Number of protein chains: 2
Amino acid sequence: MSEHTEQRCENCIVRRLNTLKALTKEELKNISDSKETKTVKKGDPIFNEGDRLNGVFCVREGVSKLSKMSDNGKDQIVKLAKRGELLGQRSVITEQSTNLSAVALSDMTVCYIPKSHLKDNISNNIKFTNAILQQMANELKFADDVIVNMAQKNVKQRIAETLQYLEHTFGKDEEGYIKMILTREDIANVVGTAKEACIRQLTKFKKAGWISTDGKRIKIVDHKALYNTIEGFE
Amino acid sequence: MSEHTEQRCENCIVRRLNTLKALTKEELKNISDSKETKTVKKGDPIFNEGDRLNGVFCVREGVSKLSKMSDNGKDQIVKLAKRGELLGQRSVITEQSTNLSAVALSDMTVCYIPKSHLKDNISNNIKFTNAILQQMANELKFADDVIVNMAQKNVKQRIAETLQYLEHTFGKDEEGYIKMILTREDIANVVGTAKEACIRQLTKFKKAGWISTDGKRIKIVDHKALYNTIEGFE
DNA sequence: AATTCTAACTGACAAATGTCATCGTTTTTA
DNA sequence: TAAAAACGATGACATTTGTCAGTTAGAATT
(Lines give C-alpha, C1' and ligand atoms only; values in the text may rest on other atoms or scores of the structure.)
Protein backbone atom coordinates (compact mmCIF):
# COMPACT_ATOMS: atom_id res chain seq x y z
CA MET A 1 0.00 0.00 0.00
CA SER A 2 2.65 2.51 -0.97
CA GLU A 3 0.43 4.77 -3.08
CA HIS A 4 -1.83 7.39 -1.62
CA THR A 5 -5.37 7.02 -2.79
CA GLU A 6 -5.33 10.29 -4.73
CA GLN A 7 -2.57 8.86 -6.82
CA ARG A 8 -4.99 6.30 -8.18
CA CYS A 9 -6.69 7.37 -11.41
CA GLU A 10 -10.08 6.29 -10.16
CA ASN A 11 -9.80 8.79 -7.33
CA CYS A 12 -7.98 11.52 -9.24
CA ILE A 13 -9.89 14.76 -9.58
CA VAL A 14 -8.16 15.55 -12.83
CA ARG A 15 -9.90 12.70 -14.56
CA ARG A 16 -13.20 14.54 -14.31
CA LEU A 17 -11.79 17.12 -16.69
CA ASN A 18 -11.01 14.88 -19.62
CA THR A 19 -12.22 11.98 -21.67
CA LEU A 20 -11.14 9.47 -19.06
CA LYS A 21 -14.33 10.32 -17.19
CA ALA A 22 -16.14 8.09 -19.67
CA LEU A 23 -14.32 5.03 -18.39
CA THR A 24 -15.74 2.73 -15.74
CA LYS A 25 -14.13 2.40 -12.35
CA GLU A 26 -12.84 -0.99 -13.35
CA GLU A 27 -11.20 0.30 -16.50
CA LEU A 28 -9.64 3.16 -14.58
CA LYS A 29 -8.17 0.74 -12.11
CA ASN A 30 -6.47 -1.13 -14.90
CA ILE A 31 -5.07 2.08 -16.27
CA SER A 32 -3.96 3.21 -12.88
CA ASP A 33 -2.00 0.02 -12.36
CA SER A 34 0.05 0.66 -15.45
CA LYS A 35 0.43 4.41 -15.26
CA GLU A 36 3.57 6.18 -14.20
CA THR A 37 3.63 9.56 -12.47
CA LYS A 38 6.45 11.89 -13.45
CA THR A 39 7.55 15.34 -12.45
CA VAL A 40 8.81 17.66 -15.15
CA LYS A 41 10.79 20.80 -14.43
CA LYS A 42 9.96 24.13 -15.97
CA GLY A 43 11.64 24.35 -19.34
CA ASP A 44 12.06 20.60 -19.73
CA PRO A 45 10.53 18.78 -22.68
CA ILE A 46 7.85 16.14 -22.22
CA PHE A 47 8.25 15.00 -25.79
CA ASN A 48 9.64 16.36 -29.04
CA GLU A 49 8.30 16.87 -32.53
CA GLY A 50 8.73 13.64 -34.42
CA ASP A 51 8.77 11.38 -31.37
CA ARG A 52 6.80 8.18 -31.47
CA LEU A 53 4.62 8.18 -28.41
CA ASN A 54 3.71 4.93 -26.75
CA GLY A 55 1.16 6.54 -24.51
CA VAL A 56 -0.48 9.76 -23.45
CA PHE A 57 0.41 12.20 -20.72
CA CYS A 58 -2.33 13.37 -18.40
CA VAL A 59 -1.50 16.78 -16.93
CA ARG A 60 -2.04 16.71 -13.21
CA GLU A 61 -0.36 19.96 -12.31
CA GLY A 62 1.28 22.79 -14.24
CA VAL A 63 1.09 24.01 -17.82
CA SER A 64 2.75 22.81 -21.00
CA LYS A 65 3.11 24.49 -24.36
CA LEU A 66 2.54 22.49 -27.50
CA SER A 67 4.53 24.00 -30.28
CA LYS A 68 5.97 23.38 -33.69
CA MET A 69 9.21 24.70 -35.06
CA SER A 70 8.70 26.59 -38.29
CA ASP A 71 11.21 26.72 -41.12
CA ASN A 72 12.29 30.22 -40.17
CA GLY A 73 13.39 29.01 -36.78
CA LYS A 74 10.45 30.31 -34.82
CA ASP A 75 8.58 28.11 -32.42
CA GLN A 76 4.86 28.47 -33.04
CA ILE A 77 2.79 27.68 -29.96
CA VAL A 78 -0.38 25.92 -31.05
CA LYS A 79 -1.85 25.18 -27.64
CA LEU A 80 -1.35 25.59 -23.92
CA ALA A 81 -2.32 22.49 -21.98
CA LYS A 82 -3.23 22.68 -18.34
CA ARG A 83 -4.52 20.45 -15.56
CA GLY A 84 -6.72 17.71 -16.90
CA GLU A 85 -5.64 17.79 -20.51
CA LEU A 86 -4.25 14.76 -22.29
CA LEU A 87 -1.13 15.20 -24.37
CA GLY A 88 -0.38 12.91 -27.25
CA GLN A 89 -3.90 11.58 -27.66
CA ARG A 90 -3.91 12.17 -31.40
CA SER A 91 -0.61 10.46 -32.04
CA VAL A 92 -1.82 7.41 -30.17
CA ILE A 93 -5.00 7.29 -32.21
CA THR A 94 -3.34 7.65 -35.59
CA GLU A 95 -0.23 5.67 -34.65
CA GLN A 96 1.86 8.39 -36.23
CA SER A 97 4.76 10.25 -34.71
CA THR A 98 3.75 13.48 -33.04
CA ASN A 99 3.83 16.71 -34.99
CA LEU A 100 4.26 18.90 -31.92
CA SER A 101 6.70 19.36 -29.10
CA ALA A 102 5.55 19.62 -25.51
CA VAL A 103 7.63 21.71 -23.11
CA ALA A 104 6.76 22.52 -19.49
CA LEU A 105 6.09 26.20 -18.84
CA SER A 106 6.03 25.59 -15.10
CA ASP A 107 6.98 22.70 -12.89
CA MET A 108 4.59 19.91 -13.72
CA THR A 109 3.25 16.60 -12.59
CA VAL A 110 2.06 14.35 -15.39
CA CYS A 111 0.83 10.79 -15.50
CA TYR A 112 2.03 8.62 -18.33
CA ILE A 113 -0.51 6.09 -19.53
CA PRO A 114 0.77 3.42 -21.94
CA LYS A 115 -1.23 3.29 -25.10
CA SER A 116 -2.06 -0.39 -25.00
CA HIS A 117 -4.56 0.27 -22.23
CA LEU A 118 -6.19 3.12 -24.04
CA LYS A 119 -6.37 1.23 -27.30
CA ASP A 120 -8.29 -1.54 -25.61
CA ASN A 121 -10.77 0.91 -24.24
CA ILE A 122 -11.16 2.72 -27.54
CA SER A 123 -12.01 -0.58 -29.21
CA ASN A 124 -14.40 -1.76 -26.55
CA ASN A 125 -15.99 1.12 -24.73
CA ILE A 126 -18.13 3.10 -27.12
CA LYS A 127 -18.85 5.70 -24.49
CA PHE A 128 -15.15 6.42 -24.18
CA THR A 129 -14.67 6.58 -27.95
CA ASN A 130 -17.58 8.95 -28.19
CA ALA A 131 -16.12 11.21 -25.54
CA ILE A 132 -12.91 11.45 -27.52
CA LEU A 133 -14.91 12.11 -30.66
CA GLN A 134 -16.75 14.98 -29.03
CA GLN A 135 -13.56 16.47 -27.78
CA MET A 136 -11.78 16.25 -31.09
CA ALA A 137 -14.75 17.76 -32.89
CA ASN A 138 -14.57 20.70 -30.53
CA GLU A 139 -10.83 21.05 -30.93
CA LEU A 140 -11.29 21.05 -34.67
CA LYS A 141 -13.83 23.83 -34.46
CA PHE A 142 -11.48 25.79 -32.25
CA ALA A 143 -8.66 25.23 -34.73
CA ASP A 144 -10.81 26.69 -37.50
CA ASP A 145 -11.30 29.82 -35.45
CA VAL A 146 -7.58 30.10 -34.84
CA ILE A 147 -6.91 29.79 -38.56
CA VAL A 148 -9.38 32.56 -39.34
CA ASN A 149 -7.87 34.79 -36.67
CA MET A 150 -4.35 34.16 -37.84
CA ALA A 151 -5.30 34.92 -41.39
CA GLN A 152 -7.58 37.88 -40.90
CA LYS A 153 -6.61 39.68 -37.71
CA ASN A 154 -3.59 41.88 -37.26
CA VAL A 155 -0.97 41.59 -34.56
CA LYS A 156 -2.66 44.12 -32.31
CA GLN A 157 -5.93 42.20 -32.40
CA ARG A 158 -4.26 38.85 -31.91
CA ILE A 159 -2.31 40.07 -28.90
CA ALA A 160 -5.47 41.50 -27.35
CA GLU A 161 -7.20 38.21 -27.97
CA THR A 162 -4.37 36.22 -26.46
CA LEU A 163 -4.48 38.29 -23.29
CA GLN A 164 -8.20 37.75 -23.04
CA TYR A 165 -7.73 34.03 -23.65
CA LEU A 166 -5.04 33.75 -20.99
CA GLU A 167 -7.13 35.49 -18.38
CA HIS A 168 -10.17 33.43 -19.26
CA THR A 169 -8.29 30.15 -19.24
CA PHE A 170 -5.99 30.60 -16.27
CA GLY A 171 -7.81 33.17 -14.18
CA LYS A 172 -6.47 36.04 -12.10
CA ASP A 173 -4.62 36.25 -8.80
CA GLU A 174 -5.78 38.37 -5.87
CA GLU A 175 -4.23 41.46 -7.41
CA GLY A 176 -5.94 40.86 -10.72
CA TYR A 177 -2.88 39.72 -12.63
CA ILE A 178 -3.33 36.88 -15.10
CA LYS A 179 -2.42 33.67 -13.33
CA MET A 180 -0.22 32.46 -16.15
CA ILE A 181 3.17 34.00 -16.64
CA LEU A 182 4.62 33.77 -20.10
CA THR A 183 7.72 35.46 -21.43
CA ARG A 184 7.11 38.13 -24.04
CA GLU A 185 8.67 35.80 -26.53
CA ASP A 186 6.22 33.02 -25.71
CA ILE A 187 3.33 35.44 -26.08
CA ALA A 188 4.78 36.39 -29.45
CA ASN A 189 5.01 32.71 -30.31
CA VAL A 190 1.36 32.19 -29.51
CA VAL A 191 0.40 35.23 -31.55
CA GLY A 192 2.73 34.42 -34.39
CA THR A 193 4.79 37.57 -34.50
CA ALA A 194 8.23 38.85 -33.55
CA LYS A 195 8.88 39.44 -29.86
CA GLU A 196 9.75 43.09 -30.52
CA ALA A 197 6.38 43.68 -32.15
CA CYS A 198 4.72 41.99 -29.21
CA ILE A 199 6.58 44.08 -26.62
CA ARG A 200 5.79 47.28 -28.48
CA GLN A 201 2.12 46.46 -28.66
CA LEU A 202 1.97 45.64 -24.96
CA THR A 203 3.63 48.98 -24.26
CA LYS A 204 0.94 50.69 -26.32
CA PHE A 205 -1.82 48.90 -24.42
CA LYS A 206 -0.12 49.94 -21.20
CA LYS A 207 0.11 53.58 -22.28
CA ALA A 208 -3.54 53.51 -23.30
CA GLY A 209 -4.37 52.26 -19.82
CA TRP A 210 -5.85 49.00 -21.02
CA ILE A 211 -3.41 46.78 -19.18
CA SER A 212 -0.81 47.20 -16.49
CA THR A 213 2.28 45.11 -15.91
CA ASP A 214 4.64 44.19 -13.15
CA GLY A 215 7.67 42.46 -14.57
CA LYS A 216 6.32 39.61 -16.64
CA ARG A 217 2.96 39.76 -14.93
CA ILE A 218 0.08 41.30 -16.84
CA LYS A 219 -3.23 42.65 -15.56
CA ILE A 220 -6.11 43.54 -17.84
CA VAL A 221 -7.55 46.85 -16.71
CA ASP A 222 -9.96 47.76 -19.49
CA HIS A 223 -11.63 44.59 -20.72
CA LYS A 224 -14.02 46.46 -22.94
CA ALA A 225 -11.31 48.30 -24.82
CA LEU A 226 -9.48 45.05 -25.46
CA TYR A 227 -12.69 43.43 -26.62
CA ASN A 228 -13.44 46.24 -29.04
CA THR A 229 -9.93 45.94 -30.44
CA ILE A 230 -10.33 42.21 -30.97
CA GLU A 231 -13.60 42.70 -32.80
CA GLY A 232 -12.15 45.46 -34.93
CA PHE A 233 -14.28 48.30 -33.56
CA GLU A 234 -11.62 50.99 -33.59
CA MET B 1 -37.10 0.18 -59.25
CA SER B 2 -36.72 3.78 -60.20
CA GLU B 3 -33.20 4.32 -58.92
CA HIS B 4 -30.14 3.28 -60.86
CA THR B 5 -27.92 1.03 -58.83
CA GLU B 6 -25.08 3.56 -58.72
CA GLN B 7 -27.41 5.86 -56.89
CA ARG B 8 -27.48 3.47 -54.00
CA CYS B 9 -24.88 4.22 -51.29
CA GLU B 10 -23.82 0.62 -51.08
CA ASN B 11 -22.79 0.73 -54.73
CA CYS B 12 -21.45 4.27 -54.75
CA ILE B 13 -17.75 4.58 -55.49
CA VAL B 14 -17.53 7.74 -53.45
CA ARG B 15 -18.17 5.86 -50.26
CA ARG B 16 -14.77 4.23 -50.54
CA LEU B 17 -13.21 7.61 -49.99
CA ASN B 18 -14.72 8.44 -46.65
CA THR B 19 -15.65 7.06 -43.29
CA LEU B 20 -18.81 5.43 -44.66
CA LYS B 21 -16.59 2.64 -45.88
CA ALA B 22 -16.56 1.33 -42.32
CA LEU B 23 -20.27 0.61 -42.46
CA THR B 24 -21.69 -2.77 -43.35
CA LYS B 25 -23.69 -3.31 -46.50
CA GLU B 26 -26.81 -3.54 -44.39
CA GLU B 27 -26.16 -0.23 -42.67
CA LEU B 28 -25.45 1.43 -45.97
CA LYS B 29 -28.73 0.20 -47.35
CA ASN B 30 -30.56 1.85 -44.51
CA ILE B 31 -28.74 5.09 -45.10
CA SER B 32 -29.36 4.90 -48.79
CA ASP B 33 -33.09 4.55 -48.24
CA SER B 34 -33.21 7.82 -46.35
CA LYS B 35 -30.70 9.85 -48.31
CA GLU B 36 -31.59 12.54 -50.77
CA THR B 37 -29.49 13.44 -53.80
CA LYS B 38 -29.30 17.11 -54.68
CA THR B 39 -27.63 19.15 -57.36
CA VAL B 40 -26.09 22.45 -56.42
CA LYS B 41 -25.17 25.13 -58.95
CA LYS B 42 -21.81 26.84 -58.95
CA GLY B 43 -21.95 29.73 -56.53
CA ASP B 44 -24.92 28.40 -54.59
CA PRO B 45 -24.65 27.74 -50.87
CA ILE B 46 -25.03 24.25 -49.41
CA PHE B 47 -25.34 25.63 -45.92
CA ASN B 48 -24.47 28.82 -44.07
CA GLU B 49 -22.47 29.68 -40.99
CA GLY B 50 -24.73 29.30 -37.98
CA ASP B 51 -27.12 26.81 -39.59
CA ARG B 52 -28.23 23.85 -37.56
CA LEU B 53 -27.54 20.81 -39.69
CA ASN B 54 -29.76 17.80 -39.44
CA GLY B 55 -27.49 15.67 -41.51
CA VAL B 56 -24.30 15.53 -43.49
CA PHE B 57 -23.63 16.13 -47.17
CA CYS B 58 -21.56 13.60 -49.05
CA VAL B 59 -19.87 15.18 -52.05
CA ARG B 60 -20.43 13.05 -55.09
CA GLU B 61 -19.25 15.46 -57.74
CA GLY B 62 -17.74 18.93 -57.75
CA VAL B 63 -15.91 21.05 -55.21
CA SER B 64 -17.14 23.16 -52.31
CA LYS B 65 -15.36 25.79 -50.29
CA LEU B 66 -15.80 25.84 -46.53
CA SER B 67 -15.29 29.34 -45.29
CA LYS B 68 -15.89 31.66 -42.42
CA MET B 69 -16.65 35.34 -42.56
CA SER B 70 -14.20 37.35 -40.50
CA ASP B 71 -15.03 40.56 -38.70
CA ASN B 72 -13.32 42.64 -41.35
CA GLY B 73 -15.67 41.30 -43.99
CA LYS B 74 -13.28 38.88 -45.60
CA ASP B 75 -14.30 35.33 -46.28
CA GLN B 76 -11.56 33.04 -45.03
CA ILE B 77 -11.53 29.71 -46.83
CA VAL B 78 -10.61 26.99 -44.37
CA LYS B 79 -10.99 23.97 -46.59
CA LEU B 80 -11.82 22.82 -50.10
CA ALA B 81 -13.97 19.70 -50.12
CA LYS B 82 -14.07 17.42 -53.11
CA ARG B 83 -15.54 14.11 -54.19
CA GLY B 84 -15.92 11.78 -51.27
CA GLU B 85 -15.73 14.28 -48.45
CA LEU B 86 -18.45 14.64 -45.90
CA LEU B 87 -19.61 18.14 -45.03
CA GLY B 88 -21.14 18.91 -41.68
CA GLN B 89 -19.83 15.84 -39.92
CA ARG B 90 -18.55 17.84 -36.96
CA SER B 91 -21.77 19.72 -36.40
CA VAL B 92 -23.68 16.48 -36.34
CA ILE B 93 -21.29 14.99 -33.79
CA THR B 94 -21.31 17.94 -31.44
CA GLU B 95 -24.96 18.87 -32.05
CA GLN B 96 -23.89 22.47 -32.44
CA SER B 97 -24.68 24.82 -35.28
CA THR B 98 -22.01 24.87 -37.95
CA ASN B 99 -19.21 27.39 -37.77
CA LEU B 100 -18.55 27.37 -41.48
CA SER B 101 -20.39 28.13 -44.70
CA ALA B 102 -20.27 25.76 -47.65
CA VAL B 103 -20.56 27.20 -51.16
CA ALA B 104 -20.21 25.30 -54.43
CA LEU B 105 -17.19 26.30 -56.50
CA SER B 106 -18.42 24.22 -59.41
CA ASP B 107 -21.68 22.51 -60.23
CA MET B 108 -22.08 19.77 -57.67
CA THR B 109 -23.96 16.63 -56.81
CA VAL B 110 -24.27 15.94 -53.11
CA CYS B 111 -26.14 13.35 -51.10
CA TYR B 112 -27.86 14.50 -47.97
CA ILE B 113 -27.87 11.93 -45.18
CA PRO B 114 -30.12 12.68 -42.20
CA LYS B 115 -28.26 12.59 -38.96
CA SER B 116 -30.49 10.12 -37.16
CA HIS B 117 -29.09 7.32 -39.26
CA LEU B 118 -25.52 8.35 -38.64
CA LYS B 119 -26.06 8.78 -34.94
CA ASP B 120 -27.32 5.23 -34.68
CA ASN B 121 -24.24 3.95 -36.41
CA ILE B 122 -21.92 6.05 -34.30
CA SER B 123 -23.45 4.58 -31.17
CA ASN B 124 -23.44 1.01 -32.34
CA ASN B 125 -20.71 0.38 -34.85
CA ILE B 126 -17.37 0.86 -33.20
CA LYS B 127 -15.57 0.37 -36.49
CA PHE B 128 -17.41 3.35 -37.93
CA THR B 129 -16.74 5.50 -34.88
CA ASN B 130 -13.10 4.60 -35.09
CA ALA B 131 -12.93 5.56 -38.73
CA ILE B 132 -14.32 8.98 -37.89
CA LEU B 133 -11.86 9.26 -35.04
CA GLN B 134 -8.95 8.52 -37.34
CA GLN B 135 -10.14 11.05 -39.83
CA MET B 136 -10.65 13.79 -37.28
CA ALA B 137 -7.26 13.15 -35.75
CA ASN B 138 -5.72 13.63 -39.17
CA GLU B 139 -7.72 16.76 -39.83
CA LEU B 140 -6.57 18.14 -36.53
CA LYS B 141 -2.97 17.50 -37.42
CA PHE B 142 -3.47 19.20 -40.74
CA ALA B 143 -5.10 22.15 -38.99
CA ASP B 144 -2.03 22.54 -36.79
CA ASP B 145 0.12 22.76 -39.88
CA VAL B 146 -2.13 25.40 -41.36
CA ILE B 147 -1.95 27.44 -38.18
CA VAL B 148 1.83 27.30 -38.19
CA ASN B 149 1.95 28.30 -41.84
CA MET B 150 -0.47 31.16 -41.36
CA ALA B 151 1.49 32.44 -38.41
CA GLN B 152 5.02 31.98 -39.65
CA LYS B 153 5.04 32.14 -43.43
CA ASN B 154 4.67 35.26 -45.51
CA VAL B 155 2.21 35.81 -48.31
CA LYS B 156 4.67 34.78 -51.00
CA GLN B 157 5.31 31.46 -49.28
CA ARG B 158 1.67 30.82 -48.59
CA ILE B 159 0.67 31.48 -52.19
CA ALA B 160 3.38 29.14 -53.41
CA GLU B 161 2.17 26.52 -50.98
CA THR B 162 -1.44 26.97 -52.04
CA LEU B 163 -0.53 26.44 -55.69
CA GLN B 164 1.35 23.29 -54.77
CA TYR B 165 -1.58 22.11 -52.68
CA LEU B 166 -4.08 22.75 -55.47
CA GLU B 167 -2.03 20.84 -58.01
CA HIS B 168 -1.47 17.98 -55.60
CA THR B 169 -5.10 17.77 -54.57
CA PHE B 170 -6.88 18.31 -57.86
CA GLY B 171 -4.27 17.27 -60.39
CA LYS B 172 -3.41 18.68 -63.82
CA ASP B 173 -5.15 18.66 -67.16
CA GLU B 174 -3.50 17.47 -70.40
CA GLU B 175 -1.82 20.83 -70.84
CA GLY B 176 -0.45 20.80 -67.31
CA TYR B 177 -2.82 23.38 -65.87
CA ILE B 178 -4.12 22.81 -62.36
CA LYS B 179 -7.47 21.10 -62.64
CA MET B 180 -9.15 23.43 -60.18
CA ILE B 181 -10.04 26.93 -61.24
CA LEU B 182 -10.34 29.51 -58.51
CA THR B 183 -10.73 33.23 -58.88
CA ARG B 184 -7.79 35.29 -57.70
CA GLU B 185 -9.96 36.45 -54.87
CA ASP B 186 -10.67 32.91 -53.75
CA ILE B 187 -6.98 32.10 -53.84
CA ALA B 188 -6.42 35.21 -51.71
CA ASN B 189 -9.11 33.97 -49.35
CA VAL B 190 -7.38 30.63 -48.96
CA VAL B 191 -4.05 32.33 -48.36
CA GLY B 192 -5.51 34.97 -46.09
CA THR B 193 -4.41 38.10 -47.90
CA ALA B 194 -5.84 40.84 -50.11
CA LYS B 195 -6.61 39.93 -53.69
CA GLU B 196 -4.27 42.64 -54.97
CA ALA B 197 -1.36 41.18 -53.03
CA CYS B 198 -2.26 37.78 -54.43
CA ILE B 199 -2.43 39.01 -58.02
CA ARG B 200 0.88 40.83 -57.68
CA GLN B 201 2.61 37.78 -56.30
CA LEU B 202 1.26 35.58 -59.08
CA THR B 203 2.57 38.12 -61.57
CA LYS B 204 5.99 37.90 -59.95
CA PHE B 205 5.95 34.12 -60.14
CA LYS B 206 4.97 34.42 -63.77
CA LYS B 207 7.78 36.85 -64.54
CA ALA B 208 10.23 34.58 -62.78
CA GLY B 209 9.06 31.75 -65.03
CA TRP B 210 7.84 29.60 -62.16
CA ILE B 211 4.24 29.48 -63.31
CA SER B 212 2.30 30.37 -66.42
CA THR B 213 -1.31 31.38 -66.70
CA ASP B 214 -4.10 31.39 -69.22
CA GLY B 215 -6.99 33.43 -67.94
CA LYS B 216 -7.81 32.00 -64.56
CA ARG B 217 -5.95 28.80 -65.28
CA ILE B 218 -2.56 28.30 -63.66
CA LYS B 219 0.23 25.92 -64.59
CA ILE B 220 3.22 25.27 -62.35
CA VAL B 221 6.33 25.31 -64.50
CA ASP B 222 9.15 25.26 -61.96
CA HIS B 223 8.10 23.05 -59.07
CA LYS B 224 11.50 23.19 -57.45
CA ALA B 225 11.58 26.98 -57.31
CA LEU B 226 8.16 27.03 -55.72
CA TYR B 227 9.22 24.41 -53.25
CA ASN B 228 12.32 26.35 -52.27
CA THR B 229 10.21 29.43 -51.72
CA ILE B 230 7.80 27.55 -49.49
CA GLU B 231 10.63 26.20 -47.38
CA GLY B 232 12.24 29.61 -47.14
CA PHE B 233 15.42 28.82 -49.12
CA GLU B 234 15.74 32.09 -50.92
C1' DA C 1 -23.68 43.43 -81.54
C1' DA C 2 -24.11 46.47 -77.86
C1' DT C 3 -24.29 46.74 -73.02
C1' DT C 4 -23.40 45.49 -68.47
C1' DC C 5 -20.97 43.20 -65.09
C1' DT C 6 -17.32 40.95 -62.99
C1' DA C 7 -12.68 39.88 -62.49
C1' DA C 8 -7.77 40.69 -63.58
C1' DC C 9 -4.40 43.81 -63.26
C1' DT C 10 -1.47 48.06 -62.02
C1' DG C 11 0.18 52.28 -59.63
C1' DA C 12 0.69 55.04 -55.60
C1' DC C 13 0.87 55.47 -51.05
C1' DA C 14 0.11 54.44 -46.08
C1' DA C 15 0.32 51.31 -42.42
C1' DA C 16 1.92 47.21 -40.30
C1' DT C 17 5.49 44.18 -39.35
C1' DG C 18 10.19 42.19 -39.43
C1' DT C 19 15.09 42.73 -38.58
C1' DC C 20 19.19 44.36 -36.47
C1' DA C 21 21.53 46.63 -32.93
C1' DT C 22 21.85 48.22 -28.32
C1' DC C 23 21.27 48.68 -23.36
C1' DG C 24 19.59 48.09 -18.76
C1' DT C 25 17.39 44.71 -15.75
C1' DT C 26 16.18 40.38 -13.99
C1' DT C 27 17.00 35.61 -13.49
C1' DT C 28 19.83 31.68 -13.49
C1' DT C 29 23.97 29.31 -12.86
C1' DA C 30 28.60 28.41 -11.37
C1' DT D 1 27.84 36.20 -4.36
C1' DA D 2 29.77 37.05 -8.74
C1' DA D 3 29.45 35.98 -13.48
C1' DA D 4 26.77 34.62 -17.21
C1' DA D 5 22.65 34.17 -19.55
C1' DA D 6 18.10 35.40 -20.61
C1' DC D 7 14.71 38.84 -20.98
C1' DG D 8 12.41 43.41 -21.59
C1' DA D 9 12.60 47.51 -23.77
C1' DT D 10 13.50 50.90 -27.46
C1' DG D 11 15.37 53.16 -31.78
C1' DA D 12 16.28 52.96 -36.68
C1' DC D 13 15.32 51.20 -40.84
C1' DA D 14 13.90 47.88 -44.58
C1' DT D 15 10.37 45.09 -46.22
C1' DT D 16 5.88 43.42 -46.58
C1' DT D 17 1.22 44.04 -46.88
C1' DG D 18 -3.18 46.64 -47.06
C1' DT D 19 -6.01 50.19 -49.14
C1' DC D 20 -7.75 53.13 -52.57
C1' DA D 21 -8.28 54.45 -57.22
C1' DG D 22 -8.52 53.51 -61.72
C1' DT D 23 -7.87 50.94 -66.22
C1' DT D 24 -8.34 46.86 -69.11
C1' DA D 25 -10.09 42.37 -70.52
C1' DG D 26 -13.29 38.93 -70.74
C1' DA D 27 -17.77 36.78 -69.74
C1' DA D 28 -22.65 37.14 -69.36
C1' DT D 29 -26.90 39.29 -70.66
C1' DT D 30 -30.07 41.72 -73.44
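What follows covers the model, the domains and their interface.

## Model and conventions

This is a predicted model: local features need pLDDT of at least 70, side-chain atom pairs count only at pLDDT 80 or more, and totals for chains, interfaces and linings use all residues. Residues are numbered from 1 along each chain as its sequence is written, chains are lettered from A in the order in which they are written, and side-chain values use heavy atoms, leaving out hydrogens and water.

## Two domains

Chain A has domain 1 (9-125) and domain 2 (153-231). These bounds come from an automatic or database domain assignment. The domain centres, taken over C-alpha atoms, lie 27 Å apart.

## Contact and buried area

Nine residues of domain 1 touch twelve residues of domain 2 (contact: heavy atoms within 4.5 Å). The two domains bury about 890 Å² between them, with 60% of it on carbon and sulfur atoms. Buried area is the accessible area (1.4 Å probe) that two parts lose on being put together, summed over both.

On the domain 1 side, A:Ile77, A:Leu80 and A:Lys82 lose the most area to domain 2. Together they give 47% of what that side buries.

The interface holds one salt bridge (a side-chain nitrogen of Lys or Arg within 4 Å of a carboxyl oxygen of Asp or Glu). A:Lys65 forms a salt bridge with A:Asp186, with the closest N and O atoms 3.2 Å apart.
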